[in-house]
Amino acid sequence: MSETLIGVLGIAALFLGLLIRLPVGMALLAIGMGGIWVIDGSRAAIATMSSETYSSVTSYGLSVIPLFVLMGNVAGAAGYSQRLYEAAHAWVGRFRGGLASSTVMGCAAFAAVSGSSVATAVTIGKVALPEMKRFNYSDGLATGSVAAGGTLGILIPPSTGFVLYAILTEESIGKLFIAGIVPGLLLSALFVLVIIGITLFKPDEGPAGPITSMAEKLGASVSALPLISVILVSIGGIYLGVFTPVEAAGVGAFMVTVLAVVTGKLKFGHFPEILIETVTMTAMLYLIIIGAHVFGPFLALTHIPETLANGLESLGLGKYGTLLLILIAYIILGMFFDGLAMLVVTLPVVFPIITGLGFDPIWFGVIAVIVIEMGLITPPVGINVFVVKGVAADVPMSTIFRGVFPFWLAMAACLLLLVLFPQIALFLPEQMK
């Protein structure tokens with residue numbers, strides 16, 4: 001049996017494992033080690049397993065994961081997400097679709113401390129969905145804005161997607177974080193434009209909310225300042241060169257914890273649960289990284305990346321034709337597989353092709369994360385849709401999927417703008433000290 005055929009069978013087995021909901025990290029580990037064993041023998045498989053397991057998780061840069069996860073968990077438990085939503089609501093809630101726009105803004109702000117699309121959708125959804133129901137918003141617009149807004153969690157830094165991409169491609173985590181800022185704001189603006197468009201033609205979908213006084217607006221904004229200050233210090237510190245990403249994560253986690261305790265939002269009795277959630281999420285992500293570092297050498301032995309690169313080149317599609325084909329494949333895979341799992345499995349194959357075509361790796365990192373976001377709201381899997389369904393149990397799945405479709409088109413438009421104008425993502429990283 002040829003090495004390439006073994007590789008194809010291994011990839012097929014991996015996808016089958018993901019379809020039946022095996023843990024991503026364990027599936028990567030088992031198939032990667034088994035494939036190396038078949039191709040290169042037991043000694044090579046055991047050596048790869050032992051060396052990669054240790055080296056992949058002892059990377060200094062990887063310590064951003066538990067720190068940023070801790071920061072997001074503390075912020076969520078302290079109720080800062082509700083204050084972000086209330087601040088946005090105070091300013092734009094009086095307009096048609098204002099509550100939905102507030103939801104997107106709240107998601108964008110909370111994404112800057114969360115790094116997780118699921119956590120963002122759940123946290124903001126619990127606050128926003130009851131409010132939108134109270135003001136008679138359509139179920140489609142209400143759930144669609146939460147599901148789509150939640151995807152900003154892995155685009156606006158800090159992002160677990162960017163951390164995984166950086167670890168797998170050996171790119172700068174700091175530059176990836178900064179590269180995600182403008183595209184994240186652009187996508188947030190496109191989501192708001194979608195809401196404005198929907199309520200312009202169908203005013204009953206998102207009725208206007210009550211008018212708030214300037215004092216109420218300022219009061220809501222002041223209540224959101226603690227978390228906003230953490231965002232500005234941690235992410236701004238990376239951009240200005242004051243902090244490395246790891247230092248920024250430590251500073252952010254420390255600041256939000258101190259603020260939560262000093263202001264009485266959290267008691268010390270809350271921290272065991274917060275720490276358990278942090279360790280659980282970190283362990284899951286670390287296992288995925290270990291699995292990826294074992295699966296990568298297996299793929300290299302099969303020569304599939306080179307074979308695929310040569311095959312794409314022989315098609316004569318050109319630079320952008322090949323990129324379009326890769327993005328379409330990502331969108332299709334995203335319909336069935338978890339986004340982070342898809343990133344880990346495909347990057348060893350796709351990344352050499354992208355860099356070989358001359359595309360900027362930082363730019364492609366942003367592109368890849370946006371395509372993952374699209375998968376989060378694409379049927380039949382659409383993880384964020386299922387998350388929102390858990391919060392809005394009385395809303396049919398079909399209604400939620402219809403509600404997110406206009407936002408999916410906004411993501412496609414954002415993707416097109418980034419392909420046409422790469423500087424949208426690259427301008428800020430190029431200015432970093």
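**View 1. Cover over the buried face of helix α2.** The buried residues of α2 are covered by elements including α1 (3-19), α3 (42-57), α14 and α17 (339-356). Contact means heavy atoms within 4.5 Å. Helices are DSSP runs (H or I, at least four residues), numbered from the N terminus. This is a predicted model: local features need pLDDT of at least 70, side-chain atom pairs count only at pLDDT 80 or more, and totals for chains, interfaces and linings use all residues. Residues are numbered from 1 along each chain as its sequence is written, and side-chain values use heavy atoms, with hydrogens and water left out. Among the buried residues of α2 are V24, L28, I31, M33, I36 and I39. Buried means under 20% relative accessible area, exposed over 50%, partly exposed in between (1.4 Å probe, protein chains only).

**View 2. Length and end of α2.** Helix α2 covers residues 24-40. Its 17 residues should span 24 Å at 1.5 Å a residue, and the end C-alpha atoms are 24 Å apart, which agrees. The expected span is 1.5 Å times one less than the number of residues. G41 follows α2, with a positive phi near 95°.

View 3. M284 lies in helix α14 (residues 271-302). M284 counts as partly exposed because its relative accessibility is 42%.

**View 4. Crossing of α16 and α18.** The axes of α16 (residues 318-334) and α18 (residues 361-376) come within 8 Å and cross at roughly 35°. Axes are lines fitted to C-alpha atoms, for helices over the stretch in contact; angles run from 0 to 180 degrees between N-to-C directions. From α16, L323, L327, Y330, I331 and G334 make the contact; from α18, W363, F364, I367, V371, M374 and G375. By class, the contact has nine nonpolar, two polar and no charged residues. Ala, Val, Leu, Ile, Met, Phe, Trp, Tyr, Cys and Pro count as nonpolar, Asp, Glu, Lys and Arg as charged, the others, Gly among them, as polar.

**View 5. Salt bridges.** The structure holds two salt bridges (a side-chain nitrogen of Lys or Arg within 4 Å of a carboxyl oxygen of Asp or Glu). R134 and E131 meet at 3.1 Å, N to O. Both lie in helix α7 (residues 117-134), three residues apart, about one turn. R134 counts as exposed, at 54% relative accessibility. D394 and K133 meet at 3.2 Å, N to O. This pair links distant parts of the chain, 261 residues apart: D394 in the loop between α19 (383-391) and α20 (397-420), K133 in α7. Both D394 and K133 are exposed.

How values were computed. Helices (H or I, at least four residues) and strands (E, at least two) are DSSP runs, numbered from the N terminus.
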